[in-house]
Amino acid sequence: MKMTSRTLSLCVAAVLALSPLAAFSASRTSPVETEVARLATLIDGKVGVSAWRLDGKGEQVHLNPDEGFPMASTFKVAVAAVILSKVDAGELALTTMVPVPKSFYVDSEVIADRFIHDGVSLSVHNLLEVMLTQSDNTATDVLVAQAGGPAAVTAWLRAHGIEGQRLDRNTRQLLSDIFGLGDEPLTKERVAELTLDPEVVKRTKSGSEAFDKDPRDTSTPRAMSTLLTQLFTGKALSPASTEVLVQIMERCRTCSARLRGSLPPGTKVADKSGTVAGTVNDVGVVTLPDGNQFAISVFVKASNAPRSERERVIAEIARTVRDFYLLQPTAARK
């Protein structure tokens, strides 16, 4: 059987993890973290990673875990959590019908693209579905308003002990700042005009130092994986709401080339992608063949590499971490 470079590196990592050297190196960089760091060098920019098993056993895997990265649409996980917590509290129901006025429209694939007439209302459940599976920006801003605004989402995170993640703007405000539009609506027609402006196209496809250093709407990889862990282990929501969230995220349609990109066919993944300017992200929970799960957050910022190359790095990191968790012992890391 032909030995690929990735297979060789994983075998070396497994041997080292089982050897006395592992205890010595645990306080430094583990073999799997060395491989993740190597993969990150395949593109320009900065990569952040935090991954661990949901059962708390085994090694954690980190690369720049406490550095802030633009969340892009991965912030929608936190929005969904707040909305579902309101469902648990009886303040909303999944069947609650919420008006979607055109003043909330932000160009995106579903609502603004297809519901072109006035008079739209959608249930909370359907708004969650299109926000998480197709990253619909209009649905997101409607739900951010239902949550009480960006500050309320951040307050919910802090109340659950999650530091290092903050929401400051809804999608309209965030995209308007990137496009330099001020309060001008981001209609489909306006976005079509913007795609003809070379400066706007450049800002939306490549890294921006000002954007990458802006602390607003950022998360550390550790904070995002902490949020995922609380949600998927039932510590933040009721069993019913946890199941709703997991099932929707398993239906995500926007990121097949990222966390899922190099995993074996049939691997169960529940994730949420995010893309804006030089940022390409994917965060979620992966189920191993033995039924155990791990949370993983991979962020890429300040990169001018083609999106396909950034996505490939995310995919290779996810596969490396997944294979490592199949091989390593499960004693808790000291």
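Which residues of α6 are buried? I began with this question, and I kept in mind throughout that I was looking at a predicted model.

**Entry 1: helix α6**

I looked up helix α6, which spans residues 124–133, and found that it is mostly covered, since 8 of its 10 residues are buried. The buried residues of α6 are Val124, Leu127, Leu128, Glu129, Val130, Met131, Leu132 and Thr133.

**Entry 2: α6 against α7**

I reminded myself that two packed helices are described by the angle between their axes and the distance between the axes. For α6 and α7 I wrote down an angle of about 125° and axes 8 Å apart. Angles over 145 degrees would count as roughly antiparallel and 65 to 115 as roughly perpendicular, and α6 and α7 are therefore oblique to each other. Their crossing is left-handed. On the α6 side the contact is made by Leu127, Leu128, Val130 and Met131, and on the α7 side by Ala139, Thr140, Val142 and Leu143. When I sorted the residues of this contact by class, I had 7 nonpolar, 1 polar and no charged.

**Entry 3: α4 against α7**

Next I turned to helix α4 (residues 76–88), whose axis comes within 9 Å of the axis of helix α7 (residues 137–147), the two crossing at roughly 45°. α4 and α7 are therefore oblique to each other, and the crossing of this pair is left-handed. From α4 I listed Lys76, Val79, Val82, Ile83 and Lys86, which meet Asn137, Thr140, Leu143, Val144, Gln146 and Ala147 of α7. The residues of this contact divide into 6 nonpolar, 3 polar and 2 charged.

**Entry 4: α3 against α15**

How are α3 and α15 oriented to each other? Helix α3 (residues 31–40) and helix α15 (residues 307–327) pack with their axes 9 Å apart and at an angle of about 170°. α3 and α15 are therefore roughly antiparallel to each other. I found Val32, Glu35, Val36, Leu39 and Ala40 in α3 meeting Val313, Glu316, Ile317, Thr320, Val321 and Phe324 in α15. By class, I counted 8 nonpolar, 1 polar and 2 charged residues in the contact of α3 with α15.

**Entry 5: salt bridges**

How many salt bridges does a search of the whole structure find? The search finds 21 salt bridges, and I looked at three of them in detail.

In one of them, the side chains of Asp66 and Arg222 meet with N to O at 2.7 Å. This pair links distant parts of the chain, 156 residues apart, with Asp66 in the loop between β2 and β3 and Arg222 in helix α13. Asp66 counts as exposed because its relative accessibility is 52%, whereas Arg222, at 30%, counts as partly exposed.

Another salt bridge joins Asp214 to Arg169, with the closest N and O atoms 4.0 Å apart. Here, too, distant parts of the chain are linked, as Asp214 lies in the loop between α12 and β6 and Arg169 in the loop between α8 and α9, 45 residues apart. Both Asp214 and Arg169 are buried.

I also examined Asp271 and Arg260, whose closest N and O atoms are 2.6 Å apart in a salt bridge. Asp271 lies in strand β7 and Arg260 in the loop between α14 and β7, so the pair ties together parts that are 11 residues apart in sequence. Asp271 is buried, with a relative accessible area of 0%, while Arg260, at 22%, counts as partly exposed.

**Entry 6: Leu228**

Is Leu228 buried or exposed? Leu228 is found in helix α13, and because its relative accessibility is 0%, Leu228 counts as buried. Leaving aside the neighbours within four places in sequence, I found Leu228 in contact with Val77, Met249, Val283, Gly284, Val285, Ala295, Ile296 and Ser297. For one of these, Ala295, I looked up the separation from Leu228: the two residues are 67 apart along the chain, and their C-alpha atoms are separated by 6.5 Å.

Terms used
Residues numbered from 1 in each chain as written. Predicted model: local features only at pLDDT ≥ 70, side-chain atom pairs only at ≥ 80, totals over all residues. Heavy atoms only, no water. Axes fitted to C-alpha atoms, helices over the stretch in contact; angles between N-to-C directions. Helix = DSSP H or I, 4+ residues; strand = E, 2+ residues; numbered from the N terminus. Parallel < 35°, antiparallel > 145°, perpendicular 65-115°, else oblique. Left-handed = near helix turned anticlockwise from the far one by under 90°. Contact = heavy atoms within 4.5 Å. Nonpolar A, V, L, I, M, F, W, Y, C, P; charged D, E, K, R; others polar. Buried < 20%, exposed > 50% of the residue type's maximum accessible area, 1.4 Å probe, protein only.
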